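The sequence and structure are shown first.

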Amino acid sequence: MTTLIAKLRMVGGALLIVTLATFSCPAIAQQETSVNPTAQSVKEDQLLNELGTIRGLGSIPDIRSYTIEQPAGRDWRHFHEVTLRWIGSVAIVGILALLIIFYLWRGMVRIEGGRSGVRIVRFNVFERSVHWMTATCFVILAISGLNITFGKPLLLPLIGPGAFSPWSQFAKYAHYYLSFPFTLGVILIFLMWIAGNIPTAADIDWLKRGGGMVGRDHPPGGRFNAGQKAIYWIVVLGGGAVAVSGYILMFPFYGTDVHSMQIAEVVHAIVAVLFVAAMLGHIYIGTIGMEGAFEAMGSGTVDANWAKEHHSLWVDQEMGRTGSNTTPRQPAPRAAE
Amino acid sequence: MARMKFLCDADRCIECNACVTACKNEHEVPWGMNRRRVVTINDGKPGERSVSMACMHCTDAPCQAVCPVDCFYTTADGVVLHSKDLCIGCGYCFYACPFGAPQYPRVGNFGSRGKMDKCTYCAGGPEADNSNEEYEKYGTNRLAEGKLPLCAEMCSTKSLLAGDGEIIAQIYKERVMRRGYGSGAWGWKTAYRETITS
């Protein structure tokens, strides 16, 4: 009896399965045909057109690797290989050409009144140290930076890859490490000379009259005339921009992705080549462009006649201070170095 | 001469990551670096697809163009390789690469990059084929032994194809024809400036 019930159960169960299967099969078949894998799947073309970058999820901890395609690198490539080389060459070769033409036309701007023999302290030891620390770093940073952009077409064919790679490796490390004293220098320059570099009404007059270089007369200038103020703000703002964009590149993926690093590189490179061009002008005026100018950063003192011609307002101020002050600042107690 | 390419048929990829593991093991790729990885798009949603991605060995490779020390070269097979002796670890190839292929070991302070490492298409580097120096820097050189990249060779669903571009494009085309759909040859337009139309 029990075996009969068991057999019936088995038959019943089998029948149930068969019935279920026969009813469910068309349903499954129907579902399969209603799903269109082509329409449902993500398409590369569509994603690229919509987003420009294709991202997903991966199973390794490195979330950078979840970006699988970002064709923006090709635009960046064009910038780095073509646009930047043009901007850099035009800016740097252009300014050098201008300076040569200017020098041939104007020559060294002399102290009109001749040297008085009286010295005025212009920059103290601290100011000069900061200036030369920043300047030394700048020159090395500029050379190592230009090497990255112009080394391959200009230097590599001359010295070959065996010498060019170690040099570039060294230049890269110099660029990284000297960025710290350079940034410190820019911050100190900003703080110690900000007082004399706020634009004033006198600057407009100075600019209209072409300053002491282009113009033939000597418009009144404060401790820093409008031309020097321009250099100051180029150093502070340009230096700030290269420092910020440089540190973004130096610390990859600290809150950045590849796209922001591309932008940082564009900013860094453009500001840097313009900065180099501006500093070439600064170096020109500070050396062969103007008599008596280098001494300000060399020995720290300038001739009183030079100061009167280029910084009349400052001289008046200094004289006034000396008059009321018990410690005379002028003439300077020590001779020019 | 063959023009070697990769093609990932995303409609077949099951995200098993065997290609990633095979690559890391074959070439002793160090910790924290992956020459190949699998990325899933629309994970868990209808229409999800996984793509195995590595260096695509681009035609007119952007990394090669931007490298400031010119350390890249393209072999006769169209494989883009580089010299770790010349690389200075500047990171420019990473900015330019559309596929995020270049990897850098982190050396020294802050984010300082070491010599770049990337997929070699199992073709080593400039050193003598299968020499110790080559193995230490770039991993094995299977191509010199007449073998294809290991990732594609051992792909269980044959989703990842490696070989002559025309042949693998033909295989993909036939697959798309037979099954009636295909999500595209991922990266081909960007890497090779061409698409596979079927």
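The model is predicted: local features need pLDDT of at least 70, side-chain atom pairs count only at pLDDT 80 or more, and totals for chains, interfaces and linings use all residues. Residues are numbered from 1 along each chain as its sequence is written, while chains are lettered from A and ligands numbered from 1 in the order in which they are written.

Helices (H or I, at least four residues) and strands (E, at least two) are DSSP runs, numbered from the N terminus. By this assignment chain A has 12 helices and five strands. Two packed helices are described by the angle between their axes and the distance between the axes. Here the axes are lines fitted to C-alpha atoms, for helices over the stretch in contact, and angles run from 0 to 180 degrees between N-to-C directions.

| Helix pair | Axis distance | Angle |
|---|---|---|
| α5(A) and α6(A) | within 7 Å | roughly 150 degrees |
| α8(A) and α9(A) | within 8 Å | roughly 150 degrees |
| α4(A) and α9(A) | 10 Å | about 5 degrees |

At its angle of about 5 degrees, α4(A) is roughly parallel to α9(A). The contact of these two helices holds 21 nonpolar, four polar and no charged residues; Ala, Val, Leu, Ile, Met, Phe, Trp, Tyr, Cys and Pro count as nonpolar, Asp, Glu, Lys and Arg as charged, and the others, Gly among them, as polar.

The crossing of α5(A) and α6(A) is left-handed, that is, the near helix is turned anticlockwise from the far one by less than a right angle (right-handed if clockwise). Their contact comprises 21 nonpolar, nine polar and two charged residues. The crossing of α8(A) and α9(A) is also left-handed, and its contact has 13 nonpolar, five polar and one charged residues.

## Contact between the chains

The contact takes 47 residues from chain A and 42 residues from chain B, where two residues are in contact if their C-beta atoms, placed from the backbone, lie within 7 Å. On the side of chain A, α6(A) gives the most, with seven residues. By class, this side has 19 nonpolar, 16 polar and 12 charged residues.

## Nonpolar cores and burial

A residue is buried if 20 or more other C-beta atoms lie within 10 Å of its own, exposed if 12 or fewer, and partly exposed in between. Buried residues make up 29% of the 337 residues in chain A. A nonpolar core is a set of buried Ala, Val, Leu, Ile, Met, Phe, Trp, Tyr and Cys residues joined through C-beta atoms within 7 Å. The largest such core has 74 residues, of which V51(B), C93(B) and L160(B) touch the most other members. Helix α3 (residues 92-96) of chain B gives the most to this core, with five residues. Beyond its neighbours within four places in sequence, V51(B) contacts I68(A), as well as residues including C8(B), V39(B) and W186(B).

## Positive phi in chain B

E28(B) has phi near 50 degrees, a positive value in a residue other than glycine. E28(B) is exposed, with 10 other C-beta atoms within 10 Å. H57(B), also not a glycine, has a positive phi of about 55 degrees. With 27 C-beta neighbours inside 10 Å, H57(B) counts as buried.

Definitions and conventions:
Angles under 35 degrees count as roughly parallel, over 145 as roughly antiparallel, 65 to 115 as roughly perpendicular and the rest as oblique.
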